[in-house]
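The structure is shown first.

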Amino acid sequence: MASTLIRNGRVITATDDYVADVLMQDGVIHAIGKSMVVGESVQVIDASGLYVLPGGVDTHVHMENIVGPSITCDTFASGTKAAAFGGTTTVVDFALQTDTDSPLAAIARTQRSADAQVAVDYSVHVIIRKVDKQVLAEVRHAMRHEGVTSFKMFMAYPGVMMADDAAIFQMLRQVGADGGMVAVHAENGTVIDLLIKEALEAGHTSPRYHAMTRPAILEGEATHRGIRLAELAEAQIYFVHVSSNQALKHIVAARAEGIPVFAETCPHYLLFDDSVYNSDEFEIAKYVMTPPLRTPEDQKHLWRALRYDDLQVIATDHCPFCMKEGHKGFFQQKIRGQHDFSQIPNGAPGIETRLVSLFDIGVMQGKLSLNRFVQLTSTTPAKLFGLFPKKGTIAVGSDADVVLFDPAASQTIHAKHLHSNCDYTLLEGRTLRGRVKKVFLRGQLIVDGEQWLGREGMGRFVPRGTVQAF
Ligand code: DUC
Ligand code: ZN
Ligand code: ZN
């Protein structure tokens with residue numbers, strides 16, 4: 001395989017920051033040095049003035065996922081192409097245990113769809129809805145033999161996705177003992193469903209009531225319950241999409257007690273607040289995601305937690321649904337909830353704008369150091385989900401997943417220029433500093449400016465190890 005030398009870029013990892021040459025060969029980083037001399041067969045790329053970052057690792061994305069009665073509008077092909085353009089070279093999606101199949105069947109089914117389509121490397125968390133002896137046996141098998149070491153469970157959506165506390169406890173106990181991770185959606189689902197029913201009965205049907213029926217206190221209550229279950233199970237636990245200080249305060253306290261609690265937030269909770277819901281226009285269905293956007297005060301706490309490591313990951317929860325009826329052949333997406341907010345599929349796009357938006361509002365605004373930016377978007381997600389050091393860093397022997405990032409460039413975001421199938425972006429018209437210039441997947445150039453050089457199916461399923469956070 002051809003070798004490429006990235007000359008004179010500023011290499012930034014979670015811990016280092018230096019100018020060097022990086023030689024990529026046979027899909028991995030072969031050598032890092034100064035003024036390296038290479039043969040004529042090696043392609044040399046001048047990266048002077050550019051950052052050389054490890055490819056982003058996004059451990060919370062939804063392609064072709066069934067969410068209630070809808071399916072997310074990105075295929076594995078479109079979603080991973082969008083990921084690549086945004087500087088993300090590894091994604092962890094979901095395999096859903098349905099009523100009719102088992103965890104192992106869910107993994108196999110997802111792989112059958114993904115393998116031929118993915119343009120970046122990938123893995124899956126298995127969503128576990130019901131737990132019995134057979135499920136627990138398959139979960140253990142998935143961890144030991146399939147390289148699938150994380151599982152997601154919902155405390156929300158009764159009758160659809162919700163698992164009861166005993167099921168979550170059983171999973172925490174076994175997966176924790178085996179060194180894997182249970183990722184939890186923490187909201188008190190039964191109380192939320194009651195609030196939704198009452199709102200609709202009162203004639204409150206517009207999208208703003210999505211937020212009003214999912215108050216932060218119910219995220220906090222479920223987070224606290226999840227922590228206590230993990231404590232009893234003596235297991236590590238990971239909270240997805242943390243949005244509020246109500247949740248954070250329990251996470252901070254538990255970590256201070258020495259309980260291995262980990263958590264992510266998402267760019268939308270840092271970019272926007274609940275003032276967007278001050279309208280009865282259906283347009284705000286764009287912001288119907290779960291949990292909903294919170295107050296500016298919550299946002300301040302999220303930034304603080306990111307700085308002091310009470311939050312360890314920023315993942316997108318890329319869960320796209322179109323606003324326009326029939327866009328790219330997708331019908332009945334957000335519009336399903338035109339007369340009933342509870343029918344709006346929950347989720348928003350964000351996979352392609354994660355790095356650049358966080359670079360702008362985090363690094364450029366002095367809230368995150370460059371090292372911390374890399375740690376939150378690549379290194380720690382790789383460590384928590386068993387991908388490190390193959391993924392998540394620039395080191396000799398790691399996969400040559402490399403992003404050349406121009407900190408001096410800027411761009412104005414428009415949905416029509418992005419690569420997701422989604423017909424909108426929450427960042428429409430916003431100018432952001434920083435730009436992904438080139439992306440390499442295992443040494444192959446897949447994004448070169450606006451040019452797509454990748455192809456469907458070139459991504460690989462990555463068998464993962466256990467949690468590497470201790
Ligand atoms: N939770 C997610 O993680 N994604 C989409 C919807 C939801 O409730
Ligand atoms: Zn969720
Ligand atoms: Zn999600």
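In this predicted model, the zinc ion (ligand 3) and the zinc ion (ligand 2) are 4.4 Å apart. The protein donors of the zinc ion (ligand 3) are His 60 through NE2, His 62 through NE2 and Asp 317 through OD. These donors lie 1.9 to 2.1 Å from the metal. Along the chain, their spacing reads H-x1-H-x254-D.

His 60 has a relative accessible area of 0%, so His 60 is buried. His 62 has a relative accessibility of 7%, so His 62 is buried as well.

Ligand 1 is surrounded by His 60, His 62, Lys 152, Tyr 157, His 185, His 241, Thr 290, Asp 317, Cys 319 and Asn 346. His 60, His 62 and Asp 317 are therefore named both in this shell and among the donors of the zinc ion (ligand 3), where the cut-off for a donor is 2.8 Å. By type, the shell around ligand 1 holds two nonpolar, six polar and two charged residues.

| Residue | Atom of ligand 1 | Distance |
|---|---|---|
| His 60 | oxygen | 2.9 Å |
| His 185 | nitrogen | 3.4 Å |
| His 241 | oxygen | 3.2 Å |

On its own, ligand 1 has 240 Å² of accessible area, and the protein covers 98% of this. The space that ligand 1 takes up is the largest pocket.

Key: Residues are numbered from 1 along each chain as its sequence is written. Chains are lettered from A and ligands numbered from 1 in the order in which they are written. This is a predicted model: local features need pLDDT of at least 70, side-chain atom pairs count only at pLDDT 80 or more; totals for chains, interfaces and linings use all residues. Side-chain values use heavy atoms; hydrogens and water are left out. A residue is near a molecule or strand if one of its heavy atoms lies within 4 Å of it. A polar contact is a pair of N or O atoms within 3.5 Å; within protein, one must be able to donate a hydrogen and the other to accept it, and residues adjacent in sequence count only if both atoms are side-chain atoms. Accessible areas come from the Shrake-Rupley method with a 1.4 Å probe; for residues, only the protein chains shown count as cover. On a 1 Å grid over the protein atoms alone, a cavity is a set of points where a 1.4 Å probe fits but cannot get out, and a pocket is an open set with protein on both sides within 12 Å along at least five of seven lines; lining residues have an atom within 4 Å of a point. A molecule sits in a cavity or pocket if more than half of its atoms lie within 2 Å of its grid points. Ala, Val, Leu, Ile, Met, Phe, Trp, Tyr, Cys and Pro count as nonpolar, Asp, Glu, Lys and Arg as charged, and the others, Gly among them, as polar. Donors are N, O and S atoms within 2.8 Å of the metal (3.2 Å for Na, K and Ca); water is not among the atoms, so sites may look incomplete. Buried means under 20% relative accessible area, exposed over 50%, partly exposed in between (1.4 Å probe, protein chains only).
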